[in-house]
Amino acid sequence: MQSTSAPAGNVLIVEDDPDIRKMLSALLAGEGFHAGAAEDGLEALHLLRAVRHRAPDTPCLLLLDLKMPRFRAREFARAQLGDPVVANVPVAVMSGAADLQQRADALGAVATLAKPLDFNALLDVVRRYCA
């Protein structure tokens with residue numbers, strides 16, 4: 001039986017690697033989610049602020065890569081948390097960093113996803129915040 005319901009939610013992928021962005025977008029779309037994408041924290045912040053007044057478009061989760069060439073995770077988190085309209089969007093960090101959990105905790109992230117990504121773990125996190 002096919003579902004005719006709307007997508008389960010919007011997820012914003014913040015990743016500087018275009019192949020990973022495309023792969024994550026396709027994976028999430030295949031699971032019924034709408035995936036938006038940004039190549040760095042600055043673009044993500046602009047996208048969040050652009051949709052903040054359109055409630056159905058507001059992301060239910062942001063997947064944030066820790067290391068990006070411009071406007072990294074720390075700068076993004078500071079700006080996001082400083083804007084009360086977008087501060088409540090939960091963030092899950094993705095990284096291959098050895099100290100991933102410590103860095104995620106420092107950013108106030110709701111979840112961590114170690115690279116290389118475990119797709120089942122990723123989908124579990126997305127479903128937890130976007131169901």
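In this predicted model, about 160 Å³ of space lies in the second largest pocket. Its lining is made up of Asn10, Val11, Leu12, His34, Gly36, Ala37, Leu47, Leu48, Val51, Asp57 and Pro59. Strand S1, strand S2 (34-38) and helix H2 are the elements that each give two or more residues to this lining. Sorted by class, the lining of the second largest pocket holds 7 nonpolar, 3 polar and 1 charged residues.

Around it stand Leu66, Lys67, Arg72, Ala73, Arg74, Glu75, Arg103, Ala106 and Leu107, with H3 and H4 as the elements that supply two or more lining residues. Here the lining divides into 4 nonpolar, no polar and 5 charged residues.

Attention now turns to the interior. In soluble globular proteins, nonpolar side chains tend to be buried together. The largest nonpolar core of this model has 21 residues, and those with the most contacts inside it are Val14, Leu48, Leu62, Leu64, Phe76 and Val93. Two or more residues of this core come from each of strand S1 (10-14), H2, S3, helix H3 (73-81), strand S4 (91-95) and helix H4 (100-107). Another core, of 19 residues, lies apart from the largest one and includes Val11, Leu28, Val125 and Val126. Some residues already met at the pockets return here: Leu48 is among the residues with the most contacts inside the largest core and also lines the second largest pocket, while Val11 belongs to the 19-residue core and lines that pocket too.

Leaving aside neighbours within four places in sequence, Leu64 is in contact with Val14, Ala73, Phe76, Val91, Ala92, Val93 and Met94. One of these partners, Ala73, is also a lining residue of the largest pocket.

The structure holds 1 disulfide. It is formed by Cys60 and Cys130, whose sulfur atoms are 2.0 Å apart. The link joins distant parts of the chain, 70 residues apart: Cys60 sits in the loop between helix H2 (41-51) and strand S3 (61-65), and Cys130 in helix H5 (residues 119-130). The torsion about the S-S bond is about 105°, so the disulfide of Cys60 and Cys130 is right-handed. Are the two cysteines buried or exposed? Because buried means under 20% relative accessible area, Cys60 counts as buried at 17%, and Cys130, at 2% relative accessibility, is buried as well.

Methods: Residues are numbered from 1 along each chain as its sequence is written. This is a predicted model: local features need pLDDT of at least 70, side-chain atom pairs count only at pLDDT 80 or more; totals for chains, interfaces and linings use all residues. Side-chain values use heavy atoms; hydrogens and water are left out. A disulfide is a pair of cysteine sulfur atoms within 2.5 Å. Helices (H or I, at least four residues) and strands (E, at least two) are DSSP runs, numbered from the N terminus. Buried means under 20% relative accessible area, exposed over 50%, partly exposed in between (1.4 Å probe, protein chains only). A nonpolar core is a set of buried Ala, Val, Leu, Ile, Met, Phe, Trp, Tyr and Cys residues joined through side-chain atoms within 4.5 Å. Contact means heavy atoms within 4.5 Å. On a 1 Å grid over the protein atoms alone, a cavity is a set of points where a 1.4 Å probe fits but cannot get out, and a pocket is an open set with protein on both sides within 12 Å along at least five of seven lines; lining residues have an atom within 4 Å of a point. Ala, Val, Leu, Ile, Met, Phe, Trp, Tyr, Cys and Pro count as nonpolar, Asp, Glu, Lys and Arg as charged, and the others, Gly among them, as polar. Grid points are joined across faces, edges and corners, and a volume is the space filled by probe spheres set on the points.
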